[in-house]
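Hello,

I am passing a structure on to you today, and I hope you enjoy looking around in it. Please open it alongside this message, and I will go through what turned up.

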Amino acid sequence: MILIIDDDIAVRTSLLLILQQEGYKAAGAGTPEEALEMIKRSKPSLILLDLNFSLGTSGKEGMALLQEIKRYDTSIPVILITGWGSIELAVQGMKLGANDFINKPWDNENLLQSVKTLLDLQDKKAGNHTRKQLDTLYDFSHIVGEDPAMLQILETIGRVAGTDASILIMGESGTGKELIAEAVHQNSLRRNKPFIKVNLGGISTTLFESEMFGHVRGAFTDARYDRTGRFEMAHKGTIFLDEIGDLDPGSQVKLLRVLQDRTYEVLGSSRTKTVDVRVVCATNKSLRDMVAAGNFREDLLYRINLITIQLPALRERPKDIPLLVKSFIRNLREIYNRPNLQVTPEAMKWLQQLPLPGNIRQLKNLVERAILVSRADLLQVDDFRSQLELSPVKSGNLQLPGVGAITLEELEVEMIKKAMLFHHNRISKAAVSLGLTRSALYRRLEKYNIPYDETSD
């Protein structure tokens, strides 16, 4: 049973009709006292809770009731119902244990999607399938791994993929966040529609609106043609917003609006467009720390992480390393026409002991370089060790200049020049080697007046 708590009988009646038409059992309560009595009498499977009762708009009654509900039973999912004026209050409610919030006037489809997602998660919490069972249920053909933590992640993906729930994928660089996003799309009802990838770290602030929402001819200097934005490209499909932690505050506001009400304006046009899209985001940064530091909007964070997936680092699942290496070897046998390629058991054990700060990406790079350099088809420990020593991600004892010999700014300038020279002016490669995004490197190149050729990237 779904319990609707709202003092407005018109709102209760409307929500009851919507839910009952979808086959859900639902009941309504008009006061906090009546609601608590109903919760204790028959535990609801989900609660829709309005933040304001009587004539007040402070939301205090709704917030107090939320705390009472969570004290009584933390397992009951709660969706807050809020007006535009109380978004900040809804965010506070999320901190107190609410699972989602919807705005008045609500969109029926979005409301039902949130209800379905939360009920599905409640129903299927006790999963624990083997990898073989998961592969019969879902399409995870591009994901390698049998570690219990990875199986739990695949289980979660399988459960939520069929919904339109927003998903935030977190993890270190190279852990496979894009593959997970693709798996979400491939197992969703949108699988035959577009999957649009956007690297937010590579889009400058000035071009954000044009890239994401498109522009019409003449909207700004050099806008000679109409341009279709990424959200329009992703209509009816999935949009993958990678490196969302690199988004500047101004762009965060613009993104929040389209995620909030699924509408946007094309740059240079006053016509509002509506978009139907599933949003999956990824970052290697701690967004909660960024929120605390004032660098990321709290309301945007709660919009993008109805479901959060934390990918483990490769060093936390060493038993998956042999599986990954074998998968790489199978592909590289065909690519390099070396059908007899193999790795010795000793080399495989040695690889499992590596810290691999670059995770799967570094491991793949290491295996491929070893194959290219070695003439033997049976790869030994030394074949990998020699390439690891050349690895740009390898951490060792750095020989830094003496204190006072050079300023931090001068050191940064020299490292940027060195990276640009080494990568032949390729911005993207130089940025990766410096641990920066493309846009961050562009800013530093301009700040320090370091010449570069944009056409060479």
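Let me begin with the second largest pocket: its lining divides into 13 nonpolar, eight polar and eleven charged residues. Please keep in mind that this is a predicted model.

The space in the second largest pocket comes to about 750 Å³. It is lined by 32 residues, and the closest to the pocket's centre are Asp107, Asn110, Leu259, Gln260 and Arg262. Which elements each supply at least two residues of this lining? They are strand β5 (100-103) and the helices α5 (108-123), α11 (249-261) and α13 (298-304). The largest share is that of α5, with six residues.

Next, the sheet. Strands of a sheet pair through backbone hydrogen bonds, either parallel or antiparallel. Here you will find an open sheet of five strands with parallel pairing, in the order β2-β1-β3-β4-β5. The edges are formed by β2 (26-29) and β5; each has a single partner strand, so one side of each has no neighbour in the sheet. On average, and ignoring direction, neighbouring strands of this sheet are turned by 20 degrees against each other.

Two of the pairings can be followed in some detail. Strand β1 (residues 2-5) runs parallel to β3 (residues 46-50), and four bridges join them. To find this pairing on screen, look for Ile2, whose bridge partner in β3 is Leu46. Two helices pack on the sheet. Helix α1 (residues 9-21) touches β1, β2, β3 and β4 (78-82), and its direction makes about 170 degrees with that of β2. Helix α2 (residues 32-41) touches β1, β2 and β3, with an angle of about 145 degrees between its direction and that of β2.

The other pairing is that of β4 with β5, also parallel and joined by four bridges. Here Thr82 has Asn103 of β5 as its bridge partner. Which way do the residues of β5 point? Asp100 and Ile102 point one way, Phe101 and Asn103 point the other way, and all of them are buried.

Leu356 is not a glycine, yet its phi is positive, at about 45 degrees. You can find Leu356 in the loop between α15 (345-352) and α16 (359-373). Is Leu356 buried or exposed? Its relative accessible area is 2%, so Leu356 counts as buried, the cut-off being under 20%.

Asn449, likewise not a glycine, has a positive phi of about 55 degrees. This residue sits in the segment after α20 (438-447). With a relative accessible area of 69%, Asn449 is exposed, because that value is over 50%.

Finally, have a look at Pro249, which belongs to helix α11. Pro249 counts as exposed, at 55% relative accessibility. Between the C-alpha atoms of Pro249 and Asn52 there are 30 Å, and the two residues are 197 residues apart along the chain.

Happy exploring, and best wishes

Key: Residues are numbered from 1 along each chain as its sequence is written. This is a predicted model: local features need pLDDT of at least 70, side-chain atom pairs count only at pLDDT 80 or more; totals for chains, interfaces and linings use all residues. Side-chain values use heavy atoms; hydrogens and water are left out. On a 1 Å grid over the protein atoms alone, a cavity is a set of points where a 1.4 Å probe fits but cannot get out, and a pocket is an open set with protein on both sides within 12 Å along at least five of seven lines; lining residues have an atom within 4 Å of a point. Grid points are joined across faces, edges and corners, and a volume is the space filled by probe spheres set on the points. Ala, Val, Leu, Ile, Met, Phe, Trp, Tyr, Cys and Pro count as nonpolar, Asp, Glu, Lys and Arg as charged, and the others, Gly among them, as polar. Two strands pair if DSSP finds at least two bridges between them. Axes are lines fitted to C-alpha atoms, for helices over the stretch in contact, and angles run from 0 to 180 degrees between N-to-C directions. Contact means heavy atoms within 4.5 Å. Buried means under 20% relative accessible area, exposed over 50%, partly exposed in between (1.4 Å probe, protein chains only).
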